[in-house]
Amino acid sequence: MLTLDQFKEARSVLQGVISKTNLVYSKYFSELCGNQVYMKPENLQVTGAYKIRGAYYKTTKLTEEQKAHGLITASAGNHAQGVAYAAQVAGVKATVVMPTTTPLMKVNHTKEYGAEVILHGSVFDDAAEHAMLLAEERGMTYIPPFNDLDIACGQGTIAYEIFQALPDVDVILVPIGGGGLAAGVSTLAKLLNPNVKVIGVEPVGAASMKASIEAGHVVTLPSAVTIADGVAVRTPGDVVFPYIQQNIDEFMTIEDSELVEAFLDIMENHKMIVENAGLLSVAALKHLDCKGKNVVSILSGGNMDVITMSSLVQHGLISRGRVFTFSVMLPDRPGELLRVAEILARENGNIIKLEHNQFVSINRQSKVELQVTLEAFGNDHKAVILEALRQAGYEASLVGPKSIYN
């Protein structure tokens, strides 16, 4: 069993190794959900995620013989860096198996810590199966990413820091993938204060823990499809499952589209980069059924590549109507382009890009196509601009994926 003494030992071992990520009060999210909201920014942790806690603590529990055989693990990225870092400190060899879909930044950072990286499979479960096979073939010591009590104990030290900074915390929101973080945090939180409410948050497309809780035993999902790659787990951990059953009070599931919104909110209001898995606890704030409570959202990591960041920003701006593209057909005569531009200027639309296509029709005198990408204040402002164009006799139609505009 996980005991208070074990958590104390883990905290002692990790002192001087990890960063103490101080709580960040969020005026924006507090006003949004009617609670006092604080962020636990593990995205600012050593290696960019909470995973260093469990990986490092687990490594210190190994025998010299186990370490001498070399360490091997499977990971979607953050645990990989934690194990690689811990192995580097211990002076032992580390091998990491990662899904082929792992962001390049996570792969490169893992290599920078001295680990050998093997890309295998499309999801974590594929990588884990291959890693365990290699561990057996090569005689290496396998370090589980979540299904291990030492790992969970290390992750759970986050709860110590939360209570130290906010003794009267009422609600803790924690992302769930395989369950190591949730098991550790919820168990220690309940040991420190049985009345604290711990809510586990999963993506809709990979809610394996919620499905397992409902079934009463660990189940395997047929797929794990989500932009939150760090929690794309088909089968949660059976070792940590009983702790989840006992200590998680409620489960929430979040749509991927909500993570896009949350990314923009965190970046604009707190100037922080948080990866999609870590945004689960942020998106969950809008779904809380309580008011006036002290709420802590654990931002589990911030290891996101620039391409993904760029895509999230673009889709976030589009979904909020702050950037949009419309197409309109114009008679091919002098002054028409100026007329449209004057309407946009009058309605305070800021032109980002403009394309004037004279080859849309064989009869150029009949019509040409004008495509304009605009910056607006939001969906209401976008609607005003489009209506102004229609009132002027232009039939403007939105250009872009329908799912974004609907």
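How much space lies in the largest cavity? The largest cavity holds about 280 Å³ of space, a cavity being a set of points, on a 1 Å grid over the protein atoms alone, where a 1.4 Å probe fits but cannot get out. The volume is the space filled by probe spheres set on the points, with grid points joined across faces, edges and corners.

The model is predicted, so that local features need pLDDT of at least 70 and side-chain atom pairs count only at pLDDT 80 or more, while totals for chains, interfaces and linings use all residues. Residues are numbered from 1 along each chain as its sequence is written, and side-chain values use heavy atoms, with hydrogens and water left out.

**The whole protein**

The protein has 17 helices and 14 strands, where helices (H or I, at least four residues) and strands (E, at least two) are DSSP runs numbered from the N terminus. Along its principal axes the C-alpha trace spans about 80 × 50 × 40 Å. Of the 406 residues, 56% are buried, which is to say under 20% relative accessible area, against over 50% for exposed and in between for partly exposed, with a 1.4 Å probe and protein chains only. Among contacts (heavy atoms within 4.5 Å) between residues at least 6 apart in sequence, 72% join residues at least 24 apart.

**Cavity and pocket**

Rolling a probe the size of a water molecule over the atoms shows where empty space is left. The count comes to 1 cavity of 30 Å³ or more. Its lining has 27 residues, of which Tyr 50, Lys 51, Gly 177, Gly 230 and Val 231 are the closest to the centre. Helix 5 (78-90) and helix 9 (180-192) are the elements that give two or more residues to this lining, and helix 9 supplies the largest share, 3 residues.

A pocket, by contrast, is an open set of points with protein on both sides within 12 Å along at least five of seven lines, and lining residues, for cavity and pocket alike, have an atom within 4 Å of a point. The lining of the second largest pocket includes Arg 11, Arg 53, Tyr 160 and Glu 161. Helix 1 (4-14) and helix 8 (149-165) each give two or more residues to that lining, with the largest share, 4 residues, coming from helix 8.

In the table, Ala, Val, Leu, Ile, Met, Phe, Trp, Tyr, Cys and Pro count as nonpolar, Asp, Glu, Lys and Arg as charged, and the others, Gly among them, as polar.

| Space | Volume | Lining by class |
|---|---|---|
| Largest cavity | about 280 Å³ | 14 nonpolar, 10 polar, 3 charged residues |
| Second largest pocket | about 200 Å³ | 3 nonpolar, 5 polar, 4 charged residues |

Ser 186 lies in helix 9 and, at 0% relative accessibility, counts as buried. Leaving aside neighbours within four places in sequence, Ser 186 is in contact with Val 198, Tyr 243, Asn 247 and Ile 248.

In helix 6 (residues 104-112), the residues Lys 106, Val 107 and Thr 110 are buried. Seen down the helix axis, the buried residues of helix 6 fall within an arc of 100°, so they line one face of the helix; the arc is that of the directions from the helix axis to the C-beta atoms. On the other side of helix 6, Leu 104 and Glu 112 are exposed. The cover over the buried residues of helix 6 includes helix 5, strand 4 (94-98) and strand 5 (116-119). Helix 6 is followed by Gly 114, whose phi is positive, near 95°.
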